[in-house]
Amino acid sequence: MDYLLEDLNDPQKEAVTHRDGPLLVIAGAGSGKTRVITRRIAWLLAHGVDPRRILGVTFTNKAAREMAGRVEEALPGVRIRLSTFHSACAAFLRRSAPALGFSSDFTIYDTSDRDQLLKSLMKERGVDPKEHRPSQIGAQISSLKNSGVLPTDPEFHQSESIHYVVRRIYEPYQEALRANNAMDFDDLLLKFLRLLQNNPEEKAAYARRFDYLLIDEFQDTNKIQYDIVKLLASEHKNLCVVGDPDQSIYSFRGAVLGNILSFPRDFPGTKVIRLENNYRSTANILAFAQGVIARNRLRYEKVLRPVHGEGEPIGFIEAADGSEEGTLVGHKIRRLLDQGVDPREIAVFYRARFLSREIETCFKNLGIPYRLVGDLGFFQRREVKDLLAFLQVCANPLDRVSFERCLNVPPRGIGQVSRRLLMEEAAREGLPPAEFLRRGMIVPGVRGKAKRGFLEFGKILEEAAGRSLETVQGTLRLFLERTNYLNEICRTGSWEDVDREENVGELLRDAAEFDKRWEELSEQYPDHSPVSAYLAQVSLMTDQEERQADSASVQLMTVHASKGLEFDHVFIVGLEEGLFPHSRSMDDLEGLEEERRLFYVAVTRAKKRLFLCRAERRRGFDGGFHPQQPSSFFQEGRQQLGGGGDPWVYEEDSGELPEFAVGDWVRHARFGEGSIQTVIGRGRNTKVEILFQGGIRTLLVEYAKLEKVEGA
């Protein structure tokens, strides 16, 4: 099996061949950590370890699939468990749910489901959802769960920082989840942790189940995840964690940087291996990145060594204002595209989302194809959520949130009063509302459209009960055909009608693909119907993994969204004090260090060229312009590049341009003749405001092709 080590450097080989005991791999950006993890798994398998005794955990389904594919390439025919924390815990809880008072077919609530349930509970208790948004209350509950705090815990009642609405709602929310036979995403982790902590037999069983644990992106783990890992590795200590403190950028999601920093102390005898050879970026890019991140205190010392050469200088784009910044970035990208650069190898990063607007506007004007990463995910779109809610009711009749979502969709004359009467009558009969209607039972006091609506929906549920045991797509088609759903939602006469219809069509295609694979997948979902298995798969997907990038488009995204990606050409815009680093973090040492790590992540996404962009002024909320100071990260990186000279190239093309002054008359090929009112900027960045017959236009001199009109 020497071929597993052939293309590895010495530290990588050492990490791959480490056998027993705790192992911490500090993997710098672009150092080949995925190769190390997958080769280590393959090496263990090749040396006789049963694949069922290995558990690999990462943070996205995409990464898990990629790693599983690489293991199979190395050892064809071998299947290995690689999953996210949430999907692993969900699978464990399916087996152990009865010990927690749940059935194994419990529903997993996403954020939208959670907020809908919270809204209902708040209304029942006289809390106005308009005054206290359910999403905000849900976020605070999520934060408590990620800290390991339940409403029955003493620290919940002792804390003075918890919002009074959270105090009123948290416990009823947990009770409602249990009544609905449902768990939210945070419950998947916390309930599994509590299961291990409170049940010695379960803890011992799971600790003995896996001989080797491998955790990817360990710097992003939160308190609950690390506690779970400690318990799963409590018997054998054969725990390998891979990560980089310099890339820990998710504290707002509960990630605890201290997990990776304290690992050697928590697991005495830990072997620490540093991966410092960088296979991604040029020497100039790495030197700049090192100059910035070296300022941080909370890190492991390491220096990335470039495998590639020095490369091109770092480009610096300085604009007069935000609009010009978008224009200059757009024109530079236009030139790259004209030179034959693949649009998919160009990315624009920003710290704050509002900065994308001017970039988008410029790209549209220049005809630059782009994809705005971070749009609403496919499975979060309204029409898709409606159809998934119907599937949820088929799989789990106790799920009241999903039932209420699809009960009157499309509208069938069921109002709030009729809905309340249904809930009350079903409760008296001791039945879930969905089962009550499925049996064709009558709600006293309900007549007319509402009565017909209840009977109609009950018949659909009855027919779907059998079909859901056989086919996902068939169950969806039943709902669509019996409710005339598409005609009901696609009648606005706008482009959104086409979009909605295409989304429904895509869901049907996805369901059909799942049906084709059901015979193969059924082994992974014992005791599941096709519908319940499909829902389990869908609920653990993320927007980034589900959406496919445009085949030929420049990528626009926040720096957080760029984590784990790489591009030949990277532009970072808005590099000004208060924007990046963000104003909320500048007076807080730990916050500033995370901003520095975030900038480090952005810089190290670049493979060939890096362009740093700033504006001298930006328009504020008051409508006026305000001066902007360059980001402090500029100077930090510049010092590492050495010397007092410019460490980068100012992106201004050589060559003479005509000079213009206020009052000059000029001619434009499209707008005709006009007089210059204002001159902004300098050199290739010069813009002029010109009063034409049709109004004032702002043009970039380099591209406007203006001619002076003599004697005007």
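Colleague: What makes helix H14 (residues 283-293) count as mostly covered?

Modeller: Nine of the 11 residues of H14 are buried, where buried means under 20% relative accessible area, exposed over 50% and partly exposed in between, with a 1.4 Å probe and protein chains only. The buried residues of H14 are Asn 284, Ile 285, Leu 286, Phe 288, Ala 289, Gln 290, Gly 291, Val 292 and Ile 293. Helices are DSSP runs of H or I with at least four residues, strands are runs of E with at least two, and both are numbered from the N terminus. This is a predicted model, in which local features need pLDDT of at least 70 and side-chain atom pairs pLDDT 80 or more, while totals for chains, interfaces and linings use all residues. Residues are numbered from 1 along each chain as its sequence is written, and side-chain values use heavy atoms, leaving out hydrogens and water.

Colleague: Why is the protein called as compact as a globular protein of that length?

Modeller: The secondary structure comes to 30 helices and 24 strands. The radius of gyration is 29 Å, close to the 27 Å that the globule rule gives for 712 residues, so the protein is as compact as a globular protein of that length. The radius is taken over C-alpha atoms, and the rule is 2.2 Å times the number of residues to the power 0.38. Along its principal axes the C-alpha trace spans about 90 × 70 × 55 Å, and 56% of the 712 residues are buried.

Colleague: What share of the contacts with a separation of 6 or more joins residues 24 or more positions apart?

Modeller: Such pairs account for 73% of them, with contact meaning heavy atoms within 4.5 Å.

Colleague: What makes the pair Lys 563 and Asp 220 a polar contact?

Modeller: Their side chains are joined at 3.4 Å. A polar contact is a pair of N or O atoms within 3.5 Å; within protein, one must be able to donate a hydrogen and the other to accept it, and residues adjacent in sequence count only if both atoms are side-chain atoms.

Colleague: How do you know whether Glu 576 is buried or exposed?

Modeller: Its relative accessibility is 0%, so Glu 576 counts as buried. Glu 576 sits in the loop between E15 and H28, and its side chain makes a polar contact of 2.6 Å with the side chain of Arg 618. Among the residues in contact with Glu 576, leaving aside neighbours within four places in sequence, are Glu 325, Pro 581, Arg 614 and Gln 628.

Colleague: What is the peptide bond between Phe 580 and Pro 581?

Modeller: It is cis, with omega about 15°. Pro 581 is in the loop between strand E15 (567-572) and helix H28 (589-603). A cis bond also joins Val 409 and Pro 410, with omega about -10°; Pro 410 lies in the loop between helix H18 (400-406) and helix H19 (416-429). Most peptide bonds are trans.

Colleague: What is the phi of Asn 181?

Modeller: Asn 181 has a positive phi of about 55° although it is not a glycine. Most residues other than glycine have a negative phi. Asn 181 is in the loop between helix H8 (164-179) and strand E5 (182-184), and is buried because its relative accessible area is 5%. Asn 484 also has a positive phi of about 55°. That residue lies in the loop between helix H22 (472-483) and helix H23 (485-489), and its relative accessible area of 37% makes Asn 484 partly exposed.
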